[in-house]
Amino acid sequence: MRFDRISPVFPVRDINLACEHYATLGFAVRRYEGPDEYAFAERDGVEIHLVLVQNLKPERNMSAVYLYVDDADALYREWEGVQVDGRLVEPRDTSYGLREGASLDRDANLIRFGSGIHSAD
């Protein structure tokens with residue numbers, strides 16, 4: 001028995017705006033074909049689920065995911081160029097050997113992303 005994959009579930013106040021946000025970040029987004037306000041955002045085998053939460057208070061939202069990527073700086077430049085709502089934090093080197101940045105959507109769902117620190121030869 002082994003685990004196959006993980007899909008964090010991000011609560012959102014507006015499923016349509018959330019779908020637009022993640023599509024702008026390069027995710028393929030599809031709505032759930034059922035009675036619930038639910039969607040899936042997938043990119044490179046990574047999937048994030050989006051669920052409508054009527055009384056979501058972003059200041060209390062603690063939803064987060066960490067993405068290990070090939071190049072944190074390249075991802076930052078890509079996301080910086082598409083101008084989405086929320087907050088984007090430029091990557092920086094950490095004491096534990098990763099170069100990390102972050103993206104926070106309008107509902108305060110946090111994506112932290114990091115890659116190994118590339119040395120300048």
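Which residue in strand 4 is the bridge partner of Ala 39? A few friendly notes, starting there.

1. The bridge partner of Ala 39 in strand 4 is Leu 50. Strand 3 (residues 38-43) and strand 4 (residues 46-52) run antiparallel and are joined by six bridges. Strands here are DSSP runs of E, at least two residues long, and helices are runs of H or I of at least four, numbered from the N terminus; two strands pair if DSSP finds at least two bridges between them.

2. On provenance, this is a predicted model, where local features need pLDDT of at least 70 and side-chain atom pairs pLDDT 80 or more, while totals for chains, interfaces and linings use all residues. Residues are numbered from 1 along each chain as its sequence is written, and side-chain values use heavy atoms, without hydrogens and water.

3. The open sheet has four strands in the order 1-4-3-2, with mixed pairing. Strand 1 (9-12) and strand 2 (28-31) are at the edges with a single partner strand each, so one side of each has no neighbour in the sheet.

4. Back to Leu 50: beyond its neighbours within four places in sequence, its contacts (heavy atoms within 4.5 Å) include Phe 10, Val 12, Tyr 22 and Ala 39.

5. Leu 50 also belongs to the largest nonpolar core, which has 20 residues; Leu 50, Tyr 22 and Ile 111 have the most contacts inside it. Such a core is a set of buried Ala, Val, Leu, Ile, Met, Phe, Trp, Tyr and Cys residues joined through side-chain atoms within 4.5 Å, buried meaning under 20% relative accessible area with a 1.4 Å probe, protein chains only. Elements giving two or more residues to this core include helix 1, strand 4 and strand 8 (110-116).

Conventions. Buried < 20%, exposed > 50% of the residue type's maximum accessible area, 1.4 Å probe, protein only.
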